[in-house]
Amino acid sequence: MKKIVVCVKQVPEVTDVQVDPTTGTLLREGVQSILNPFCEYALDHAARIKQADADIEVIAICMGPPQAEDALRRCLELGADRAILLTDRKFAGADTWATAYTLAEVIRQLIPDFTLILAGKQAIDGDTAQVGPEIAEILGLPQITYGTNVNLTADGRRVQVKREAEHGIEVLDAALPALVTITKGETQRRAPSLDAVIDAHRKNIEIITAGDLSLDEEKLGLKGSYTQVVKVFPPPTKKDSRVLKDLEPAEAAREIFSFLKENHFLENNRSGAK
Amino acid sequence: MHTIISQPASRADFKTVKRIDGYEAIKTDYPIYLTDESKLVSTDANHLFIPRDEAELVAVIQAMSAQSIPITIAGSRTGLVGGSVPACGAIVSLERFDRVESLFFDEDHQEWVLRAGAYVSLKSLEAMLKSKRFPDLEKTEDASVRRSYERFKADADTYLYPPDPTEMSASLGGSVVTNASGARTFRFGATRNWVRGLRVVLANGEFIDIPRGKYFASEEGTFEIVNTAGERRTLTIPDYRLPETKCAAGFFTAPGMDLIDLFIGSEGVLGIVTQVDVALIKSEPKISIVQFLEDDYQAVRLTASLRSDQRIKLDFLEFYSGNALNLLRRVQAEAPSTVNMPPIPDEARSALFFELNYDSQSNNDHLVLLQEIIRQHGADPALSWAAHEPRELERFKVFRHLLPETVNSIIAERKKSIPKLHKLGTDLAVPDDHLMDIWTHYQENCDALNLEWVAFGHIGNNHIHVNILPRSIEELNQGLELYQLFAQKAVEWGGAVSAEHGIGKIKQNFLALMFTPEQISQMQHVKAVFDPDYLLNPGDLFPCEVCA
């Protein structure tokens, strides 16, 4: 049986996240967690490939706190056959390298016969886009990033990937096993059925702790991280902005028009309009 | 207590109130105040006032009253029956009544209550509750308001305000005077159920504070209204019996009723609601499900089973007819990103849309039960969409609202070549045991005339919006006749001619279907007690008595 491993992450729903300007910490009241959208696209591709080939098992792996089970549950709803949660205080504080090391080791030790690894191109909270490529480096795999479509060749020996590049679309292929990171492309997010939601609740999520694997503890979590987040802060507001207050709409519009005109913002538009 | 004494309000200098005079000036610079979502447009409004507070509002009322100039109150102008479109006289926009005043815990009823100005929008309220951040309360200098707010923030739970009209840009005050409802009315009832207090400025320039549970009608069905000069007026509540369905037609009345309920749903013709207290409930994780079905009749039958099963608590139960799904398929084919959902399955000929509690940590036995009920009706729970992540719930909500928006854009396009065309959307509700009857009636009559139509909405409350999309004036007239026929049937079956949109200026002919002249006259008596000169919202609910 061919095995597609999908590395996923649970992230805060970032459209709602605000940073406290004084403390620099995230304001998390009312902010809920979701499966990282790019990870979901990766899972969608795995599920689609599986639909065409019943001899494929899709395994979702996530490193995170116990509540990251919810993200894995969504993976099961969307078509994963197995879900594995890596959760341990020793994993806490991991940067991208320590995360990649842990995920790579789990894959190497628990699913050594994997065919393909898929990962979201990046998580929407950290936006580093490093973990996928780092896993490939650690495992010595060929990697293709920014994939928008993924297919296994008929002989099952290679993966063919459409990828977004600056100048257009590239189509690449690589020998299996390989790792592909996925971006949105033309993927239309699916919706699981009621049956799938109920079935997902009946499936077991496998919990793996640091003690279940043979790991170099010096390479885990904060201890194994080369980088640390020192401070988080919102981008400074532009000091030279001006807010028009207490003006009649027509007066405010005139002010804005004068400003645009005086600063020559309207000239290009006008010539463009012709 | 049956007697309420109105209080004198402080009064500002009328000259300082922001105002625009002259119809042409309003039409040129402030045209949005001349219309609302009904698309009715005023042709006779001579003043626009935007008071900053209650004192300025009172100054406007007294100045206009002295000149016998009627005033029409405008909130967010999201109503569908022209309630805030001035028939004549002056427009008073409450847009500066936009502060959240306080959040307090009502120990007697063990619930959080929010007090806010009439113009606070439901959308901003939802966002503030979700984040537990209320900018107005962050800045408060009132120590007790601050303490209470801190207590609210420290509460481990998050809260929501249950009413969810489709148009969330609606103002809180507007939603109260129209007794707005929405999908969640199925479980939580309409706005009325959540209002705990009102502050109302009356046509005489005085105000009354009405907490729920203080002023009740006497055994004779009366209230005494006393002004500061000691003048008494006796108000006799109407003696008609309202249908046991959702109803937004006519004043609320019931033996021993609470005075606050008279103002809720009164369409603003009795007084100006400036401040509202509403109760909040704990927010719980939800799962939304779109269940695709074989045909519309299967949807009606499944509805009956779902609402009669006491083990399942649905927050809402909504409907998409087969022809509505076809319309959405067309949109999906032309602009997939607008729909932002997977392709609607080819087999789907109808759909129900419902939401219920979801616990990611439990077995969710109620979902299994739901699955069984769906199967018992011959439907396939695998042919469904489900969502429980917040962003997915939001995506589903957008999808749920897409159909009315699509209908509106089709009509707007057709109006370009036939300007007199407009949408015909029914707003009728019937009792549970007539759901199949009214659905059959709708379908047979619309199809017999070969009209283009879709149906959607609150099937759980037997409140389906049939939208006829006329392609010609002839079809428009056929549709208008059908609407009248549908309304007559709804009344015959014990239903309401307006379940949520109200009567306003454009559905007064339906009021006469549901109420006798004597009953309408009883309503007018109530109006006359609070507004003897008919200066508030002329032309709403009753024909205009004062406009030329």
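A word before the first stop: UniProt positions are given in the numbering used here, feature names are shortened, and annotations may be inferred rather than shown by experiment. Keep in mind, too, that you are looking at a predicted model.

**Stop one: an annotated span.** Select residues 41-283 of chain B. An unreviewed UniProt entry places the feature "domain: FAD-binding PCMH-type" there.

**Stop two: a helix pair.** Stay in chain B and select helix H14 (residues 435-448) along with helix H15 (residues 473-492). How do they pack? Their axes sit 11 Å apart, at an angle of about 165 degrees. Anything over 145 counts as roughly antiparallel, so that is how H14(B) and H15(B) run relative to each other. Their crossing is right-handed.

Now show side chains. From H14(B), bring up Ile438(B), His441(B), Tyr442(B), Asn445(B) and Cys446(B); across from them, in H15(B), are Leu482(B), Leu485(B), Phe486(B), Lys489(B) and Ala490(B). By type, the residues of this contact are seven nonpolar, two polar and one charged.

**Last stop: where the chains meet.** Bring chain A into view. The contact draws on 31 residues of chain A and 36 of chain B. About 2,700 Å² is buried between the two chains, with carbon and sulfur atoms giving 48% of it. Which residues of chain A lose the most area to chain B? Select Arg189(A), Leu194(A) and His201(A): together they make up 23% of what that side buries.

Note on methods. Residues numbered from 1 in each chain as written. Chains lettered and ligands numbered in written order. Predicted model: local features only at pLDDT ≥ 70, side-chain atom pairs only at ≥ 80, totals over all residues. Heavy atoms only, no water. Axes fitted to C-alpha atoms, helices over the stretch in contact; angles between N-to-C directions. Helix = DSSP H or I, 4+ residues; strand = E, 2+ residues; numbered from the N terminus. Parallel < 35°, antiparallel > 145°, perpendicular 65-115°, else oblique. Left-handed = near helix turned anticlockwise from the far one by under 90°. Contact = heavy atoms within 4.5 Å. Nonpolar A, V, L, I, M, F, W, Y, C, P; charged D, E, K, R; others polar. Buried area = accessible area lost by both parts, 1.4 Å probe.
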